[in-house]
Amino acid sequence: VTFPSYLYWSPDENKISFAAFWNNSKNMDVYVMDEDFSNAINITAALVKGQNENPVWSPDSQKIAFTSCDVYLCELYVANADGTNLIKLKPQILGLNSVVWSRDSEKIVYVSAEDGNSEIYIMNSDGNNPVNLTNHPANDGDPIWSPDGTKLAFVSDRDGDDDIYILDMATMELFNLTNNDVDDSSPVWLP
């Protein structure tokens with residue numbers, strides 16, 4: 001294994017995911033293995049080009065979302081943790097990053113520049129019903145769900161500097177949490 005990265009435990013702590021170059025491959029692939037580092041499965045073996053990375057476990061430990069990038073354009077995929085049922089959720093888009101599952105494993109939030117600037121989107125975990133949540137000419141990113149799954153915190157420069165905002169997912173009300181003249185970043189919820 002060369003350059004292993006993005007090592008993450010599954011939420012149930014039975015598996016580990018990681019991205020790496022393995023067996024002289026020219027592509028980075030996403031692997032899943034048992035907690036004792038045995039039985040590694042390449043869940044991106046069917047993707048013959050691109051760098052496959054950023055594996056993100058669904059909260060129920062059943063699926064993994066990941067990006068597959070070729071230069072600047074990326075695609076978003078999801079697969080079962082055993083490598084079956086590989087589905088392309090988003091075709092080639094610019095600036096794809098920050099993939100986050102909802103607490104019930106039914107929705108995926110991601111950031112991309114597909115509308116010309118960095119925006120936060122949400123869609124069903126099967127790729128249906130994508131919605132631009134932020135829809136603002138500013139750059140929005142770093143989304144993170146609240147522990148109860150009712151709110152989304154994120155960073156935006158819509159006030160001229162980076163501030164942390166809270167979006168209520170039921171009412172779509174937006175609140176500037178930090179509202180100051182310095183850059184704020186990396187929101188984290190307390191459990």
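Is Glu-75 buried or exposed? At 14% relative accessibility, Glu-75 counts as buried, where buried means under 20% relative accessible area, exposed means over 50%, and partly exposed lies in between (1.4 Å probe, protein chains only). The legends below describe a predicted model, in which local features need pLDDT of at least 70 and side-chain atom pairs count only at pLDDT 80 or more, while totals for chains, interfaces and linings use all residues. Residues are numbered from 1 along each chain as its sequence is written, and side-chain values use heavy atoms, with hydrogens and water left out.

**Figure 1. The salt bridge between Lys-88 and Glu-75.** The side chains of these two residues meet with an N to O distance of 3.2 Å. The pair links distant parts of the chain, since Lys-88 belongs to strand β8 (residues 87-94) and Glu-75 to strand β7, 13 residues apart. Strands (E, at least two residues) and helices (H or I, at least four) are DSSP runs, numbered from the N terminus. Lys-88 is partly exposed at 43% relative accessibility, whereas Glu-75 is buried at 14%. A salt bridge is a side-chain nitrogen of Lys or Arg within 4 Å of a carboxyl oxygen of Asp or Glu, and five salt bridges are found in a search of the whole structure.

**Figure 2. The salt bridge between Lys-90 and Glu-114.** The closest N and O atoms of this pair are 3.2 Å apart. Lys-90 is buried, with a relative accessible area of 11%, while Glu-114 is partly exposed, with a value of 29%.

**Figure 3. The salt bridge between Lys-151 and Asp-168.** Here the closest N and O atoms are 4.0 Å apart. Because Lys-151 lies in strand β14 and Asp-168 in strand β15 (residues 163-168), the pair ties together parts that are 17 residues apart in sequence. Lys-151 counts as partly exposed, at 29% relative accessibility.

**Figure 4. The disulfide of Cys-69 and Cys-74.** A disulfide is a pair of cysteine sulfur atoms within 2.5 Å, and the structure holds one. The sulfur atoms of Cys-69 and Cys-74 are 2.0 Å apart. The torsion about their S-S bond is about 105°, and the disulfide is therefore right-handed. Both Cys-69 and Cys-74 are buried.

**Figure 5. A nonpolar surface patch that includes Tyr-72.** Val-71, Tyr-72, Leu-73 and Leu-94 make a patch of about 440 Å². Patches are made of residues with over 30% relative accessible area and no salt bridge; like charges are joined within 9 Å, and nonpolar side chains (Val, Leu, Ile, Met, Phe, Trp, Tyr) within 5 Å. Accessible areas come from the Shrake-Rupley method with a 1.4 Å probe, and for residues only the protein chains shown count as cover. Tyr-72 lies in the loop between β6 (63-70) and β7 (73-80) and is exposed, with a relative accessible area of 65%.

**Figure 6. The surroundings of Asn-117.** Asn-117 occupies the loop between β10 (107-112) and β11 (119-124) and is buried, with a relative accessible area of 15%. The side chain of Asn-117 reaches the backbone oxygen of Ala-138 at 2.5 Å, and a polar atom of this side chain lies 3.3 Å from the backbone oxygen of Pro-137. Leaving aside neighbours within four places in sequence, the residues in contact with Asn-117 (heavy atoms within 4.5 Å) are Ser-112, His-136, Pro-137, Ala-138 and Asn-139.

**Figure 7. Polar contacts of Ser-156.** Ser-156 is found in strand β14 (residues 151-156) and counts as buried, at 0% relative accessibility. A polar contact is a pair of N or O atoms within 3.5 Å; within protein, one must be able to donate a hydrogen and the other to accept it, and residues adjacent in sequence count only if both atoms are side-chain atoms. The side chain of Ser-156 makes such a contact of 2.5 Å with the side chain of Asp-140 and another of 2.9 Å with that of Arg-158.

**Figure 8. Asn-135, a residue with positive phi.** Asn-135 has a phi of about 40° although it is not a glycine. This residue lies in the loop between β12 (131-132) and β13 (140-145) and is exposed, with a relative accessible area of 61%.
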